Amino acid sequence: GLFKNKIKDMQPQSTETIITLDELYKLNMCLYKKNYKNKWIYFILLVLILYSIIPNLDTFDVHTFIGSLIAITFILVLFRFINKRIMKKQVKNYFESNKQIQNQLIHYIFHEEYVHIQTNNSSAKLDYQKLYKIYETKENIYLMESNMSGHILIKKNCSPDLISFIKQFKH
């Protein structure tokens with residue numbers, strides 16, 4: 001439509017990102033929230049709740065049910081807390097052991113069909129059609145090449161036109 005016609009005349013736009021431990025952690029938190037592997041815990045909790053209700057429908061006790069619900073909620077909160085701590089430690093270990101990415105400045109130049117990605121020691125071209133997904137949070141946009149690998153774009157470093165351009169490729 002009209003927006004695509006405007007894009008054809010678009011001049012290349014650019015942004016840059018410095019890879020910090022905090023930015024890497026934000027990417028991993030986004031992936032953690034999007035990853036379906038973690039959703040099984042909710043299914044198990046639902047089964048536990050149903051398991052505590054169904055056999056006891058004739059002798060249903062509200063106090064026992066509420067106690068079970070509180071215990072299950074506590075377990076869920078504890079599980080999420082432990083998972084986040086483990087993930088944070090893994091990200092920190094990865095960041096500290098990989099000197100090449102520490103505080104690396106990455107330039108992104110967006111063209112009509114692809115983004116050119118440039119660092120001090122590498123250069124790559126990524127076609128938008130080859131993107132796995134684009135995730136967006138309040139602060140960042142992630143151009144995902146796979147379900148676990150992506151590029152970090154900091155929104156405050158992007159023009160509104162660039163953000164609109166990138167959003168058109170979201171699935």
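Contact is taken here as heavy atoms within 4.5 Å. The model is predicted: local features need pLDDT of at least 70, side-chain atom pairs count only at pLDDT 80 or more, and totals for chains, interfaces and linings use all residues. Residues are numbered from 1 along each chain as its sequence is written, and side-chain values use heavy atoms, with hydrogens and water left out.

By this criterion, I166 touches F110, I134, I141, L143 and L153, residues up to four places away in sequence not being counted. Helices (H or I, at least four residues) and strands (E, at least two) are DSSP runs, numbered from the N terminus.

Helix α5 spans residues 160–167, and L162, I163, F165 and I166 in it are buried (under 20% relative accessible area; exposed is over 50%, partly exposed in between; 1.4 Å probe, protein chains only). Viewed down the axis of α5, the buried residues fall within an arc of 160° and so line one face of the helix; the arc is that of the directions from the helix axis to the C-beta atoms. The exposed residues P160 and D161 lie on the face of α5 turned away from its buried side.

A search of the whole structure finds zero disulfides (pairs of cysteine sulfur atoms within 2.5 Å). C30 is buried at a relative accessible area of 5%, and C158 counts as buried at 10% relative accessibility.
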